[in-house]
Amino acid sequence: QVQLVESGGGLVQAGGSLRLSCAASGSIFSFNTMGWFRQAPGKEREFVAVISWSGVGTYADSVKGRFTISRDNAKNTVDLQMNSLKPEDTAVYYCTYRRVGLVEYEYWGQGTQVTVSS
């Protein structure tokens, strides 16, 4: 089992910044991919960004150039720096984890709310 705990959500004005953090604990496999998805009210959960164990990040087109994902393998943490936030970024953001070689994400955090006011 792997536990994921997110922090850093909140309320911010459009154009502002927030930094989300996710701490993983439990039976962590070194070669893993971690990242973030989000779900806005009335919408399906969507991909935001993920980062491989080697530090390679992949981003949704909607956040490229504004969000940066990073990780600290020694601490088993992954961060999402969100800049130039827009009202459409408002959602619950979920941290996720999967071992290398798997397609489906195995574990999810409880989510943290991000609200961007116009």
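**Close-up views of a predicted model**

**View 1. Strands β1 and β3 run antiparallel and share six bridges in this predicted model.** Strand β3 covers residues 18-26. Within this pairing, V5 has A23 of β3 as its bridge partner.

**View 2. An open sheet of four strands contains β1 and β3.** The strand order is β1-β3-β8-β7, with antiparallel pairing. The edges are formed by β1 (2-7) and β7 (67-72), each of which pairs on one side only. From one strand to the next, the twist averages 15 degrees.

**View 3. The largest nonpolar core has 27 residues.** The members that touch the most other members are W36, L80, M82 and Y93. At least two residues of this core come from each of β1, β3, β4, β5 (46-51), β7, β8 (77-82), β9 (91-99) and β11 (112-117). In soluble globular proteins, nonpolar side chains tend to be buried together.

**View 4. Surroundings of the core residue Y93.** With residues up to four places away in sequence not counted, Y93 touches E6, L20, W36, F37, R38, V48, F67, L80, M82, G111, T112 and V114. Among these, W36, L80 and M82 are, like Y93, core residues that touch the most other members.

View 5. The N32 side chain reaches the backbone oxygen of F29 at 2.7 Å. Apart from neighbours within four places in sequence, the contacts of N32 are I51, S52, W53, R71, Y97, R98, R99 and V100.

Key. Residues are numbered from 1 along each chain as its sequence is written. This is a predicted model: local features need pLDDT of at least 70, side-chain atom pairs count only at pLDDT 80 or more; totals for chains, interfaces and linings use all residues. Side-chain values use heavy atoms; hydrogens and water are left out. A polar contact is a pair of N or O atoms within 3.5 Å; within protein, one must be able to donate a hydrogen and the other to accept it, and residues adjacent in sequence count only if both atoms are side-chain atoms. Contact means heavy atoms within 4.5 Å. Two strands pair if DSSP finds at least two bridges between them. Axes are lines fitted to C-alpha atoms, for helices over the stretch in contact, and angles run from 0 to 180 degrees between N-to-C directions. A nonpolar core is a set of buried Ala, Val, Leu, Ile, Met, Phe, Trp, Tyr and Cys residues joined through side-chain atoms within 4.5 Å. Buried means under 20% relative accessible area, exposed over 50%, partly exposed in between (1.4 Å probe, protein chains only).
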